[in-house]
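Please keep the sequence and the model in view while reading.

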Amino acid sequence: VQLQASGGGLVQAGGSLRLSCAASGLTFSTYDMGWFRQAPGKEREFVATISWSGSSTYYADSVKGRFTISRDNAKNTVYMQMNSLKPEDTAVYYCAAGSYKGSKWLRTNYWGQGTLVTVSS
């Protein structure tokens, strides 16, 4: 199983980035997908999740209204559009395949490698 994240980079505050995570080796359409992030010196935290069908999404309060998670099951890819970026969004972003229920991420079956997002002030 591989989850290949890409799209990170350096952006100024207020800018936008779009992350992608391409999956292989798993039945992508049967997994809920999530994005997590880890800032320097901090624990990894939940950012957003989308159900296997794409019909349901949930966001951390810190990104609600600025980030949008989506998926294309035909391409085995999950995306996260990040707008109005802030310096505090600086982190390594990881995608994950697993399950969530009731707005709570329950289990991670697979992690992707991270992609670094740096937001300058």
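A residue is called buried when its relative accessible area is under 20%, exposed when over 50%, and partly exposed in between (1.4 Å probe, protein chains only). The model is predicted: local features need pLDDT of at least 70 and side-chain atom pairs count only at pLDDT 80 or more, whereas totals for chains, interfaces and linings use all residues. Residues are numbered from 1 along each chain as its sequence is written, and side-chain values use heavy atoms, with hydrogens and water left out.

By the rule that a salt bridge is a side-chain nitrogen of Lys or Arg within 4 Å of a carboxyl oxygen of Asp or Glu, the structure contains 4 salt bridges. Asp-89 and Arg-37 form one of them, at 2.9 Å from N to O. Asp-89 belongs to the loop between strand 8 and strand 9 and Arg-37 to strand 4, so this pair ties together parts 52 residues apart in sequence. Strands (E, at least two residues) and helices (H or I, at least four) are DSSP runs, numbered from the N terminus. Both partners, Asp-89 and Arg-37, are buried. Arg-37 also forms a salt bridge with Glu-45, with the closest N and O atoms 2.7 Å apart; Glu-45 is partly exposed, at a relative accessible area of 36%. A network of salt bridges links Arg-37, Glu-45, Arg-66 and Asp-89.

Next comes the sheet. Two strands pair if DSSP finds at least two bridges between them. An open sheet is formed by 4 strands in the order 1-3-8-7, with antiparallel pairing.

Cys-21 is joined to Cys-95, with an S to S distance of 2.1 Å. Cys-21 and Cys-95 are both buried.

A nonpolar core is a set of buried Ala, Val, Leu, Ile, Met, Phe, Trp, Tyr and Cys residues joined through side-chain atoms within 4.5 Å. The largest such core has 31 residues, and Trp-35, Met-80, Met-82 and Tyr-93 have the most contacts inside it.

Terms used: A disulfide is a pair of cysteine sulfur atoms within 2.5 Å.
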